[in-house]
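The sequence and structure are shown first.

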Amino acid sequence: MVDKPSLCMITQCPSLSPIQVNFMACQLFALAAAFWFRLYLSPRHASPLFRHAVATLLGTAFLIFCFGWYSMHILTVVFASYVIIIKADINNVHRYCMVMAMGYLTVCQVNRVIVFNYGILSTDFSGPLMIITQKITTLAFQLHDGKPLIPGVYSLCSKRPSLIEYLSYNLNFLSILVGPCSNYTDYIDFIEGRHISRRLRHHSGTCNGQNGYDMTPEPSPLNAVCRKLLICCGCMLFFLIVTRSLPIIYNVDPHFVANAPFLTRLTYAFFSIQAARPKFYFAWTLADAVNNAAGYGFLGMDENGKPSWDLICNLNILGIETATSFKTFIDNWNIQTGIWLKTVCYDRAPRHRLPLTFVLSALWHGVYPGYYFTFLTAIPITMAARAMRKSIRHFFLGSRGVKLGYDIITWAATQLAICYTVMPFLLLAVEPTLVYYRYVIPTLTSLVIFFPFNYSFYLFQLYCILLFYRSCFLP
């Protein structure tokens, strides 16, 4: 048992804030509870109703422990959206839920900026609220569609959920704090004991047309969980040792930008952005391990006949670090959010699909101006990368050496593009972003002409938000 003075020493550690300590405590408890959930509350030992109830109660307890009365915001939007899902016409339920969930999230994000003035950590209640927004809208769109969006993926949701199913899906302890968002039908299959067997049968049918896995014991997730926990340990060490020594804000330090040579500033920007990633790697990988420990996240058998537990994996670290195009980087970063954006926006927008998707992504992240700098500048970069890849890539595929040279050059270009687009996301505010563009990337000083005052950018930001909500009601 930890006494109060010891706990105070932990929470006052310069490397971890009290909120981060709470988050770590809950996630580690969730990991232990997940193993218990799989071994002692498996579908063979407990009814689906009991499993739903336990998952919901534990998740709600985590919310209250971490966020106190702020958890009422999450519970409010969950219950309000359930009323819409039960009462609304099936042809419009997706629109109503999108406006309700995104609208409430936006109000909370605006309040976050006004009240805390850039001072609140990323692990505040808006994080779980963002995940809840994805889950609510994912379920609403699946109800509207009533059919799988991707062949071979079991996303059929032909009936409205019961209250306990709905609460369990949204508030379960496996994903309440950091996600990821997953398919509603996959989650119900997991609770009811069909998750692994269905995918094994699908794999068997694909391979030989027989149901040879019916009597095969379910594969254990232990190896996958251990591997992901090792990755988490490495990311945590990197964060505590390296990330803390390369603060992002130093990129706009007046003395640094005034005296350091351009190449020094650019090199520091590159390494500081690289160093900022492991905290995301840690949180998402740990969340994936928690789900796997409970027996959730089984994808099927890979090409080598080994079980894969990456169904709800949220990132591919190797794919991110070796990305040779901006699209490849995006596809491997926050994967489940990318699937959500594609499902609810990109695949459905009648026109301007790419801009609307990036605007939705910015709006979902929050209302800090830096998010809009990042996602709006990502639009032309993505389009340019597509055009370049389509136009010239085939010229460099003739030999392995030439292709290697092409890959190195495009990797470097991608990293420079990331330095340009991602920095505002981390700086958040207008002023430091413009300082960065002016001094670190001097060719972009013209941005000051377009956005000379904060209010002009806020008006443009408001226009983007209104554009998205208007698109929700387009036929």
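## Salt bridges

The structure, a predicted model, holds 11 salt bridges. One of them pairs Lys 228 with Asp 288, with the closest N and O atoms 2.7 Å apart. This pair links distant parts of the chain: Lys 228 belongs to helix α10 (residues 222-241) and Asp 288 to helix α13 (residues 278-293), 60 residues apart. Lys 228 is buried, since its relative accessible area is 3% and the cut-off for burial is under 20%. Asp 288 likewise counts as buried, at 3% relative accessibility.

Another salt bridge lies within a single helix. Lys 327 and Asp 331 are both located in α15 (residues 326-332), 4 residues apart, or about one turn of the helix. Residues three or four places apart in an α-helix point the same way, because there are 3.6 residues a turn. The N to O distance between the side chains of Lys 327 and Asp 331 is 2.6 Å. Lys 327 is partly exposed at 43% relative accessibility, and Asp 331 is partly exposed with a relative accessible area of 43%.

Helix α8 spans residues 184-192, of which 8 out of 9 are buried. Among the buried residues are Tyr 184, Tyr 187, Ile 188 and Phe 190. Just after the helix, Gly 193 adopts a positive phi of about 90°.

Asp 189, also buried in α8, has a relative accessibility of 3%. Asp 189 forms a salt bridge with Arg 198, in which the closest N and O atoms are 3.0 Å apart. Arg 198 counts as partly exposed, at 24% relative accessibility.

## Overall fold and annotated spans

The protein chain comprises 22 helices and 2 strands. Buried residues account for 51% of its 475 residues. The accessible surface is about 22800 Å², and 69% of this belongs to carbon and sulfur atoms. Trp 36, Leu 39 and Tyr 40 make a nonpolar surface patch of about 350 Å²; Leu 39 is found in helix α2 (residues 18-40).

An unreviewed UniProt entry annotates residues 21-41, 61-85, 370-388, 408-430 and 436-469 as "transmembrane region". In the model, residues 21-41 are 95% helix, with end C-alpha atoms 28 Å apart. Residues 370-388 are 100% helix, and their end C-alpha atoms lie 27 Å apart.

Conventions: Residues are numbered from 1 along each chain as its sequence is written. This is a predicted model: local features need pLDDT of at least 70, side-chain atom pairs count only at pLDDT 80 or more; totals for chains, interfaces and linings use all residues. Side-chain values use heavy atoms; hydrogens and water are left out. Buried means under 20% relative accessible area, exposed over 50%, partly exposed in between (1.4 Å probe, protein chains only). Patches are made of residues with over 30% relative accessible area and no salt bridge: like charges are joined within 9 Å, nonpolar side chains (Val, Leu, Ile, Met, Phe, Trp, Tyr) within 5 Å. Accessible areas come from the Shrake-Rupley method with a 1.4 Å probe; for residues, only the protein chains shown count as cover. A salt bridge is a side-chain nitrogen of Lys or Arg within 4 Å of a carboxyl oxygen of Asp or Glu. UniProt positions are given in the numbering used here, feature names are shortened, and annotations may be inferred rather than shown by experiment.
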